[in-house]
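The figure comes before the points.

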Amino acid sequence: MNFSKKIIDAGFSLRVEGNKLIISPFNELKPNQLEFLKSHKAEIIEELTQQQAGNNENLLRSLHHLDKFKLNSWLLFIGETDKNLIDDFFMQCQTSEDALKYFLQRAKEISA
């Protein structure tokens, strides 16, 4: 069963931060929805984690392998380890040619 879809379809956004499930807007949850989230928290986190991993894999696959290598090298160089920021970074590079060019230039600077 897709537990996260049920909450998303009800108009909420979900994300995982470590072992925490972040729901927005939290203050609009009804008691039965809150109970549902509590009773299915582990399943929801698992679903979201798997979806995110699949999305990241597809995202990285869509960038040229050499560009992925350069971007990952730059992230390593600057010491970035926050998974959410890295995911956002690759999403931005995937969807914006200007962002991709900018970050590839930054990556080039560390190899020069």
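1. Basis of the note. This is a predicted model, in which local features need pLDDT of at least 70, side-chain atom pairs count only at pLDDT 80 or more, and totals for chains, interfaces and linings use all residues. Residues are numbered from 1 along each chain as its sequence is written, and side-chain values use heavy atoms, with hydrogens and water left out.

2. Overall make-up. The protein has six helices and two strands, arranged along the sequence as α-β-β-α-α-α-α-α. Helices (H or I, at least four residues) and strands (E, at least two) are DSSP runs numbered from the N terminus. Of its 112 residues, 31% count as buried; buried means under 20% relative accessible area, exposed over 50%, and partly exposed in between (1.4 Å probe, protein chains only). Among contacts (heavy atoms within 4.5 Å) between residues at least 6 apart in sequence, 53% join residues at least 24 apart.

3. An α-helix has 3.6 residues a turn, so residues three or four places apart point the same way.

4. Packing of α5 on α6. Helix α5 (residues 83–95) packs with helix α6 (residues 97–111) at an angle of about 115°, their axes lying 5 Å apart. Axes are lines fitted to C-alpha atoms, for helices over the stretch in contact, and angles run from 0 to 180 degrees between N-to-C directions. From α5, F89, Q92, C93 and T95 meet E97, A99, L100 and F103 of α6. By class, this contact has five nonpolar, two polar and one charged residues. Ala, Val, Leu, Ile, Met, Phe, Trp, Tyr, Cys and Pro count as nonpolar, Asp, Glu, Lys and Arg as charged, and the others, Gly among them, as polar.

5. The hairpin. Strands β1 (residues 13–17) and β2 run antiparallel and are joined by five bridges; two strands pair if DSSP finds at least two bridges between them. Two residues separate the strands in this hairpin, and G18 in the turn has a positive phi of about 65°. In β1, L14 and V16 form a covered face, whereas S13, R15 and E17 form an uncovered one. V16 stands opposite L21.

6. Two residues of α2. L37 lies in helix α2 (residues 31–39) and is buried, at a relative accessible area of 3%. Not counting residues up to four places away in sequence, L37 touches I7, L21, I23, L29 and I44. Q33, also found in α2, counts as buried at 16% relative accessibility. With neighbours within four places in sequence left aside, Q33 is in contact with A10, F12 and E28.
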